[in-house]
Amino acid sequence: MIIVKEKYFKIFEDIGIKLRLKANDMIFMAEDQAEDTYLIEEGRVRAYIDSRDGKEITLEVLRAGRIFGDASFCKKAVRDVNIQAVTDSIIIKVDAKSLFEVSHQDQELMQLLFEHITDSNRMLTHKIKTLVYYNSKQKVADFLLANEIQQKVNFTQQEISECLALNRVTVARVITLFKKEGFVKTDYHLITITDQKGLEDIVKGEG
């Protein structure tokens, strides 16, 4: 996943508006006009859709350094997901036109924006693959590997279950199994990966 370096936060602040959100505040809804792009400075937000039967399906939980709302890069586009703050958060809202103008003066920033768009497409394809082909163990192992920072995964089991469209009890059972196998250690809202290769083997179907 593409993480914006902190040195670029000031650029976003200079051309955007800083918003302070409380947990569960809505940022935008599906079908809203896509006019702005957002950068997370602190906290986490989730992208989700509503199913036909009224259930919320979480697609991803995004943390500090992530960009979202890139539909605004296209003229007359609308949002295709809902975005809601998971925790108290600080985000920067930037007009897409202003962001493009600044990026023309900074080749590294422009490359980062292109990488972000490419990575978003890659992650969507991978999401479909995991939902269709992976069993519960593979889904949880893949999630842990994709969201670790220095072997730490700062997600609750409830958040993991929402992201993977799994029952929370199922996620808890898988993580307990991983602990017994020595793949992870757990603490309050924190999972530490202790055997990365073991989790990789599970994702490959070899564990």
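Helices (H or I, at least four residues) and strands (E, at least two) are here DSSP runs, numbered from the N terminus, and the exercises below apply them to a predicted model.

**Exercise 1.** Describe the largest pocket by its volume, its lining and the element that gives the largest share of that lining.

*Solution.* Begin with the volume, which is about 1100 Å³. Of the 39 residues that line this pocket, Leu 59, Glu 60, Ser 120, Met 123 and Leu 124 are the closest to its centre. Next, assign the lining to elements: β5 (56-63), β6 (67-68), α3 (107-133), α4 (136-146) and α5 (157-164) each supply at least two residues, and the largest share, twelve residues, comes from α3. Finally, sort the lining by class, which gives 23 nonpolar, seven polar and nine charged residues.

**Exercise 2.** Carry out the corresponding description for the second largest pocket.

*Solution.* The volume is about 160 Å³, and the lining includes Ala 34, Glu 35, Ser 72, Asp 95 and Phe 100.

**Exercise 3.** Decide whether Arg 20 is buried or exposed, and find which residues it contacts beyond its neighbours within four places in sequence.

*Solution.* Locate Arg 20 first, in strand β1 (residues 16-21). Its relative accessible area is 62%, and because exposed means over 50%, Arg 20 is exposed. Leaving aside neighbours within four places in sequence, Arg 20 is in contact with Ser 89 and Ile 90; Ser 89 is 69 residues from Arg 20 in sequence, yet the two are 5.9 Å apart in space, C-alpha to C-alpha.

Key. Residues numbered from 1 in each chain as written. Predicted model: local features only at pLDDT ≥ 70, side-chain atom pairs only at ≥ 80, totals over all residues. Heavy atoms only, no water. 1 Å grid on protein atoms, 1.4 Å probe; cavity = no way out; pocket = protein on both sides within 12 Å on 5 of 7 lines; lining within 4 Å. Points joined across faces, edges and corners; volume = space filled by probe spheres on them. Nonpolar A, V, L, I, M, F, W, Y, C, P; charged D, E, K, R; others polar. Buried < 20%, exposed > 50% of the residue type's maximum accessible area, 1.4 Å probe, protein only. Contact = heavy atoms within 4.5 Å.
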